[in-house]
Amino acid sequence: MAQYNSNILVCGGTGCRASQSELILQNLKEAVERHKLQDIVQVIRTGCFGFCEKGPIVKMVPDNTFYVQVKPTDAEDIVREHLVKGRKVERLLYVNPETNEQVPDSKHLNFYKKQLRIALRNCGFINPENIDEYIARDGYVALGKALTEMTPESVIKEIMDSGLRGRGGGGFPTGLKWQITRKVKALQKYVVCNADEGDPGAFMDRSILEGDPHSIVEAMAINGYCTGATKGLVYIRAEYPLAVERLKIAIRQAKEYGLLGENIFGTDFSFDIEIRYGAGAFVCG
C-alpha cells in the first residue's frame with residue numbers, strides 16, 4: 001500500500017460541486033501525474049468543509065494550507081508551487097476581512113477556531129465514498145463493541161446517561177425513545193432515518209449524508225440492535241442526488257464488509273437498510 005507524504009483534499013459537497021470542484025479534482029490529479037508525484041501525493045474528494053461562501057475549497061495536508069475560491073485553472077499552480085517548489089499560492093489564501101491579512105492555514109481561520117464538530121467530525125476529512133477511511137477514524141468500532149461486548153439494555157443506558165437528545169424542536173431524549181421502542185412487542189420493527197429535511201433552509205442531514213454516510217449506516221444498525229429492529233429505511237428527498245448516491249455506496253460497501261446483512265460481527269444480529277425517496281414537498285399529508 002502506498003505511503004503518501006501529502007494529501008490534497010478537495011471539497012466534494014454540493015455547493016463546491018456547483019462551482020466545478022469535480023473539474024478541479026480531475027485537474028489536480030492530472031497535474032500530480034504530470035509532475036510525477038502520484039506515488040507520494042494523493043488527491044481526495046471529501047465532504048463539505050462548511051465554509052461554503054468561500055468555495056470551492058482545496059486543503060493541503062499535513063500543513064493545513066487552506067485555498068479558497070479555487071478555479072480549475074489553478075490546479076497546475078497549486079501542484080507546481082506548493083508541492084514542487086514548497087511555497088504557498090498566496091493569491092488563493094483566505095484574507096481576513098477585518099485585518100486584510102492572509103490566513104496561511106485552516107487552524108487560524110476565525111470561522112473554525114470556536115467550532116467543536118461532533119456530528120460533522122468526519123466531513124471534510126475523509127473520502128465519503130471510501131469505507132476504509134471511515135474505519136481509520138474508528139468507524140464501526142461502536143457497532144462492534146455494542147454487538148460483542150454489550151447488551152441492548154446497557155447500550156440504551158449509556159445513551160440515556162449521555163443526555164443525547166433529538167435535534168428537532170422538542171429535544172426528546174434519544175435513550176428514552178429507544179427504550180420505549182425496545183419494550184414494544186412486534187413481529188417486525190423498523191429504524192427510520194428521516195433525511196428529507198422538510199423545514200425550509202435546513203441542510204444538516206444532507207451534509208452528513210454527503211460527507212459521512214457510514215455514520216448513518218452504523219448508527220441505524222446500533223439502533224436496530226437496541227430496539228429489536230432488523231430493517232432500516234432512509235427516507236430522503238429525491239432532490240439530493242449526491243447524498244443518495246453516497247448513501248448507496250456506503251450501504252453497498254458495508255454489505256461487502258459484512259457490516260450489514262446477516263450475522264454481523266459473527267453474532268446472531270442481522271440488519272439491512274433500504275432507501276425510500278420523498279417527493280420534496282414541505283407538507284406531504
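This is a predicted model: local features need pLDDT of at least 70, side-chain atom pairs count only at pLDDT 80 or more; totals for chains, interfaces and linings use all residues.
Close-up 1. Strand β3 and strand β4 (residues 65-67) run antiparallel and are joined by 3 bridges. Within this pairing, K59 stands opposite F66 in β4, and M60 stands opposite T65 in β4. The two strands form a hairpin, with 3 residues between β3 and β4.

**Close-up 2. Pairing of strands β1 and β3.** Strand β1 (residues 6-11) is joined to strand β3 (residues 58-61) by 4 bridges. These two strands also run antiparallel. L9 has K59 in β3 as its bridge partner.

Close-up 1. Strand β3 and strand β4 (residues 65-67) run antiparallel and are joined by 3 bridges.

**Close-up 2. Pairing of strands β1 and β3.** Strand β1 (residues 6-11) is joined to strand β3 (residues 58-61) by 4 bridges. These two strands run antiparallel.

Close-up 3. An open sheet is formed by 4 strands in the order β2-β1-β3-β4. The pairing in this sheet is mixed. β2 (41-46) and β4 stand at the edges and have a single partner strand each, so one side of each is left without a neighbour in the sheet. From one strand to the next, the twist averages 20°. Helix α3 (residues 75-84) packs on the sheet and touches β1, β2, β3 and β4. The direction of α3 makes about 25° with that of β3. In a regular strand, side chains alternate between the two faces of the sheet.

**Close-up 4. Packing of helices α7 and α8.** Helix α7 (residues 152-162) packs against helix α8 (residues 174-183) at an angle of about 155°. The axes of the two helices are 7 Å apart. Angles over 145 degrees count as roughly antiparallel, and α7 and α8 are therefore roughly antiparallel to each other. Their crossing is left-handed.

**Close-up 5. Residues at the contact of α7 with α8.** On the α7 side, the contact is made by P152, E153, I156, I159 and M160. These residues meet T174, G175, L176, W178, Q179 and R182 in α8. The residues of this contact divide into 6 nonpolar, 3 polar and 2 charged.

Note on methods:
Residues are numbered from 1 along each chain as its sequence is written. Side-chain values use heavy atoms; hydrogens and water are left out. Axes are lines fitted to C-alpha atoms, for helices over the stretch in contact, and angles run from 0 to 180 degrees between N-to-C directions. Angles under 35 degrees count as roughly parallel, over 145 as roughly antiparallel, 65 to 115 as roughly perpendicular and the rest as oblique. A crossing is left-handed if the near helix is turned anticlockwise from the far one by less than a right angle, and right-handed if clockwise. Contact means heavy atoms within 4.5 Å. Ala, Val, Leu, Ile, Met, Phe, Trp, Tyr, Cys and Pro count as nonpolar, Asp, Glu, Lys and Arg as charged, and the others, Gly among them, as polar. Two strands pair if DSSP finds at least two bridges between them.
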